[in-house]
Amino acid sequence: MTTTVRPRKPARARAALVTALVVGLAAGGVSPALASPALAASRATAPVCDLRGGPDAAKRSAEKPDAKALCAAVAGLPRADATAALVRVGGTDGRWRGVSGVADLRTGRAAMEHARFRAGSVTKVFTAAVVLQMASEGRIDLDRPVRHYLPEHIPAAYRGVTVRHLLNHTSGIQAPDMPGDTFEEWYAHRFDVHTPQEMVASATAKEREFVPGAMQHYLNINYTVLGLLIEEVSGHAYAEEVGRRVIRPLGLRDTCFPGADPRIHGPHHRGYQAVRRADGTTELRDVTVWGPTSAWAAGDIISSTADLERFTTALFGGRVVPGPELEEMFTLPAPSVREFGSGDEAVHSAGMSVVRLGGVEVWGKSGGRWGYSTAMGATRDLSRTLVYSINTTDAKGQGINPTAGAVFRAAFAR
């Protein structure tokens, strides 16, 4: 059962990291130094930058991609804002792989290229892909009210919400009540089990934030409802259907859904969160073991950079979602639809988001779980792809993490 401490505020702090990229990427920034003996001790054993792809990788990728800038972006780990980084840059322009930092601050063990990690909201791309596959088969109508499929879960007050509204976060459904707003509150309830039915009931018991389709508000609840929709239409458990349609056909061997299991099985890095102590110093708290059920179809997937690179290439290449439905993933709401609360331009499509950097348009998705920040993205023509997993110490922070921002800029700069 869900343990509720207080109503969860629909704060923008829960928005995806990619939204922060839009507003903060150009600015960069640095994190303050942390008073952590473990961090200082591990630096001596941490690899600075490990180039992969053959002995001529650095020469071959000198300009496409910029190996020097990418190496600099992940050099010096562990440091205040991140303890490890796994980066894969690919595409028709060339490829680069980088590994930096440590897998464990306590032992100083080196980061592993094939480590698994919590990919957070990258899960939404998988969820959207399955919904769009079903739409291509005529089993789901994107313009049909979701109440038609889920009358027991969606009350009459939300009868105007269509499947497309859920996909692009224009439903107006508020966030459910969850265990608090601060890290300490979430940490205290990290093993609570949340069912999707309970979360949807909590959310739909509230008044809508806006008329469906009028504004965009990025919230996990939209994809929680889509997870229930997948189960209802397919007759299978959500994780089983994503596995059947996407994970197994693509051979994503390191990708799985953990259910209620709070552990990451197989090779993985420890995740840490920077927490301020009462005396003003900062603790790097180990947050590796954490119950994932509050995210479910919106953010609980575990994967690897190799798997996400393969998924990205297949998705953008039209091998996961058929052409007409794939366009939904590259289509933003009408220009009149603005972000709820800020009035900023809407940047979320069906499952993905768009970032424009120096004339380069990048589509993809980022995700943040405590101790883990992940992103997958590419140019539409697949000339450049990027997948990274960074063990950031501020995975739920408001702004862009310095290491993540540096990697993104280096990967897509022209």
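**Overall architecture and side-chain contacts of the chain**

Of the 414 residues in the chain, 57% are buried (under 20% relative accessible area, with exposed meaning over 50% and partly exposed in between, for a 1.4 Å probe and protein chains only). The model is predicted, so local features need pLDDT of at least 70 and side-chain atom pairs count only at pLDDT 80 or more, while totals for chains, interfaces and linings use all residues. Residues are numbered from 1 along each chain as its sequence is written, and side-chain values use heavy atoms, with hydrogens and water left out.

The secondary structure of the chain comprises 13 helices and 13 strands; these are DSSP runs numbered from the N terminus, with helices (H or I) of at least four residues and strands (E) of at least two. Among contacts between residues at least 6 apart in sequence, 73% join residues at least 24 apart.

Seven strands make up an open, antiparallel sheet in the order S3-S2-S1-S13-S12-S11-S10, where two strands pair if DSSP finds at least two bridges between them. Strand S3 (109–110) and strand S10 (353–357) are the edge strands, each pairing on one side only. Further in, the antiparallel strands S11 and S12 are joined by seven bridges. Helix H13 (residues 402–412) lies across strand S1 (82–90), S10, S11, S12 and strand S13 (385–392), and runs at about 165 degrees to S13. For such angles, axes are lines fitted to C-alpha atoms, for helices over the stretch in contact, and the values run from 0 to 180 degrees between N-to-C directions.

The aromatic side chains come next. The structure holds twelve aromatic pairs (rings of Phe, Tyr and Trp, the last by its six-membered ring, with centres within 6.5 Å; planes under 30 degrees apart are stacked, over 60 edge-to-face and the rest tilted). One of these joins Phe 183 and Trp 290 in a tilted arrangement, at 6.2 Å centre to centre and with 40 degrees between the planes. This pair links distant parts of the chain, 107 residues apart: Phe 183 belongs to helix H7 (residues 183–188), and Trp 290 to the loop between strand S7 (282–286) and strand S8 (301–303). Phe 183 counts as buried because its relative accessibility is 12%, and Trp 290 counts as buried at 5%. Phe 183 also forms an edge-to-face pair with Trp 370, at 5.1 Å centre to centre and 70 degrees between the planes. Here the partners are 187 residues apart, with Phe 183 in helix H7 and Trp 370 in the loop between strand S11 (360–369) and strand S12 (372–378). Both Phe 183 and Trp 370 are buried. Together, Phe 183, Tyr 187, Trp 290 and Trp 370 form one aromatic cluster.

The charged end of Arg 190 sits over the ring of Tyr 187, 3.8 Å from its centre, and Arg 285 lies over the face of Tyr 187 at 4.7 Å from the ring centre. A charge sits over a ring if NZ of Lys or CZ of Arg is within 6 Å of the ring centre and within 35 degrees of the ring normal.

Finally, the count of salt bridges comes to 18, each being a side-chain nitrogen of Lys or Arg within 4 Å of a carboxyl oxygen of Asp or Glu. Among them is the bridge between Arg 97 and Glu 113, with the closest N and O atoms 3.5 Å apart. Arg 97 lies in strand S2 (residues 96–104) and Glu 113 in the loop between S3 and strand S4 (117–120), so this pair ties together parts that are 16 residues apart in sequence. Arg 97 and Glu 113 are both buried. Another bridge brings together the side chains of Glu 137 and Arg 245, at 2.9 Å from N to O. Since Glu 137 lies in the loop between helix H5 (123–136) and helix H6 (163–167) and Arg 245 in helix H10 (residues 238–250), the parts tied together are 108 residues apart in sequence. Glu 137 is partly exposed at 44% relative accessibility, whereas Arg 245 is buried at 11%.

Methods: Contact means heavy atoms within 4.5 Å.
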